[in-house]
Amino acid sequence: MSVEQEERAIRCLVAKVGLDGHDRGAHVIARAFRDAGFEVVYSGLHRAPEDIVQAAVQEDVDVLGISILSGAHNTLVPKVIEGLKEYDAFEDTLILVGGIIPDDDEAELKELGVAEVFGPGTPMEETIEFIRNNVPERA
Amino acid sequence: MGGQKRDGSATPRAPELSGRDAELVEELLGGSHRALARVITRIEDRAGGHRAIVSALHEHTGGADVIGITGSPGAGKSTLVDKLAAAYRERGDTVGVVAVDPSSPYTGGAVLGDRIRMGSNVGDMDVFFRSMSARGQLGGLSMATADAVKALDAFGKDVVVIETVGAGQNEVDVVRTADTVAVLVQPGSGDDVQTLKAGILEIGDVFVVNKADMDGAERTLAELEEMVHRREGPTTGLDTGHHGFDAPEHPDDPEHPDDESEASPQEWTPEVLRTVANTGEGVADLIAAFDAHSAHLRESGEIEATKRRRYAEEIRTLVRSDVGALAADEIERRGGVDRLAEAVRRRETDPYSVAAEVVAPIVDCVETGRE
């Protein structure tokens, strides 16, 4: 087998932002992504938006999944998006938000550039399918 | 990749850099984190184009101290790397980290968890931390890691740390791409120390008993000391007045790691140190040991030999891979390896004849093409 064999894998960052200690969901997602053949970087708990930006930029992820269960999505997500723009990483990162997000907020987040919001009870396959269909093309 | 034409093998010239990639290289050298990250992705994907990129970066490398850290799962590698990075930052060095994690051989998926431990450096962009999964084949990983280290080196990182589980040959190859290798051991892992003998012991320049505040640390330290000195061999001891020089570096008196290079300028005796990564205890001593080893490599001229050996290995791997790809194309042209194998099974031919037939056109080309 050649060492030059092309091995493109979808890279995801599963991120927990802010003061929210509930990461069971993030763990389950991370594992499901792994089993789907993705490479998953997990941020750990209580990360600041700039930490998430640092991780997303350095790891050059295709997908950034932000899990927020604290209700602070309206302050935290825009900061992450701002940071990504600053490092020129916004355009080709698929941004997903998971958590309990009211409909109005969901519309606003999508306006900002979040590709999709997944609420509680979303089947794992749906999220994985969404990623496979929407992962940004790399030139 | 199979049927594609490869410019690299067709001409002896260096791989051509496309306009887009040239831009990427330019941006990386100019300090763009995004470009650095993207280059490492290209390297990881092994998507062909990375060759020209790494080739263009090569002349900008050689400035970084490359340190490999290995050890069994749970030994505290990630935590120690985090503390090391913070300590290097404190003295003004910029740091790159490549953390290699295993991936599932079934799905190819992986959870790269080393980043969770990077608590001391979050938000500090001058620590560039990159997780890599052990995708691909044996040999591919060490090549990808070496190339990623080159990217970080060319970017201008003062120190590049490679972190990997010391589980098998693949990982040993990875960590061998470093100039200085630290092997981490947990206290009370008597059996671990035994298993270290196979393969890992030879590559360690520094041995670290991490979690040294736990029971059994002293004993593990003693065992490692004994093993390190046994590795030196009895003649070394006789030649250099072993006992006289040896006295200051016993575990109860570890504060002069620098003495090492003075004591024996030619031969490096691996140091055995203790750390508590959680609290940062011993990290300063560890860095001093890395510096001492780095100085030793330079002063003894060993660094050139080390680098030559490493580049020789890279050249061999690349050539083997390119020639292998040619052969793979040839196998494909003859109906694929399964068809050939079936013919062998039916006793129509044998593996030696098949191999000879596959290689024959390549041999012809080499013979006519050489002049």
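Reader: Let's start with β8(B): which residue there is the bridge partner of B:Val209?

Author: The general idea is that strands of a sheet pair through backbone hydrogen bonds, either parallel or antiparallel. Two strands count as paired if DSSP finds at least two bridges between them. Here, B:Val209 has B:Arg274 in β8(B) as its bridge partner. B:Phe207, for its part, stands opposite B:Val272 in β8(B). β7(B) and β8(B) run parallel and are joined by four bridges.

Reader: What am I looking at, and how do I find these residues?

Author: It's a predicted model, in which local features need pLDDT of at least 70, side-chain atom pairs count only at pLDDT 80 or more, and totals for chains, interfaces and linings use all residues. Residues are numbered from 1 along each chain as its sequence is written, while chains are lettered from A and ligands numbered from 1 in the order in which they are written.

Reader: In what order do the seven strands of the open sheet in chain B lie?

Author: Read across, the order is β4-β2-β5-β1-β6-β7-β8, with parallel pairing. β4 (127-133) and β8 (271-274) of chain B are at the edges with a single partner strand each, so one side of each has no neighbour in the sheet. From one strand to the next, the twist averages 20°; angles like this run from 0 to 180 degrees between N-to-C directions, and axes are lines fitted to C-alpha atoms, for helices over the stretch in contact.

Reader: How many bridges link β6(B) with its partners β1 and β7?

Author: Strand β1 (residues 65-71) of chain B pairs with β6 (residues 180-185) over five bridges, in the parallel sense. One pair to click on is B:Thr70 with B:Val183 in β6(B). β6(B) also pairs with β7(B), again in the parallel sense, over four bridges, and B:Leu184 has B:Val208 as its bridge partner in β7(B).

Reader: Are the residues of β7 in chain B buried or exposed?

Author: A residue is buried if 20 or more other C-beta atoms lie within 10 Å of its own, exposed if 12 or fewer, and partly exposed in between, with C-beta atoms placed from the backbone. Strand β7 (residues 206-209) of chain B is covered on both faces: B:Val206 and B:Val208 on one side, B:Phe207 and B:Val209 on the other, are all buried. In β8(B), B:Glu271 and B:Leu273 point one way and B:Val272 and B:Arg274 the other way, and all are buried. For chain B as a whole, buried residues make up 42% of the 371 residues.

Reader: What about helices: how many residues of α4 in chain B are buried?

Author: Seven of the eight residues of α4 (residues 50-57) of chain B are buried, so this helix is largely enclosed by the rest of the structure. Among them are B:His50, B:Arg51 and B:Ile53.

Reader: Why does B:Val81 count as buried?

Author: B:Val81 has 28 C-beta neighbours inside 10 Å, so it counts as buried. B:Val81 sits in helix α5 (residues 77-90) of chain B. Leaving out residues up to four places away in sequence, B:Val81 touches B:Ile69, B:Val97, B:Val161 and B:Glu163. Contact here asks for C-beta atoms, placed from the backbone, within 7 Å.

Reader: At what angle do α15 and α17 of chain B pack?

Author: Helix α15 (residues 302-333) and helix α17 (residues 351-369) of chain B pack at about 125°, with their axes 9 Å apart. That makes α15(B) oblique to α17(B), since angles under 35 degrees count as roughly parallel, over 145 as roughly antiparallel, 65 to 115 as roughly perpendicular and the rest as oblique.

Reader: Which residues of α15(B) and α17(B) meet?

Author: From α15(B) come B:Leu326, B:Ala327, B:Glu330 and B:Ile331, which meet B:Val358, B:Val359, B:Pro361 and B:Ile362 in α17(B). By class, the contact of α15(B) with α17(B) has seven nonpolar, no polar and one charged residues. Ala, Val, Leu, Ile, Met, Phe, Trp, Tyr, Cys and Pro count as nonpolar, Asp, Glu, Lys and Arg as charged, and the others, Gly among them, as polar.

Conventions
Helix = DSSP H or I, 4+ residues; strand = E, 2+ residues; numbered from the N terminus. Contact = placed C-beta atoms within 7 Å.
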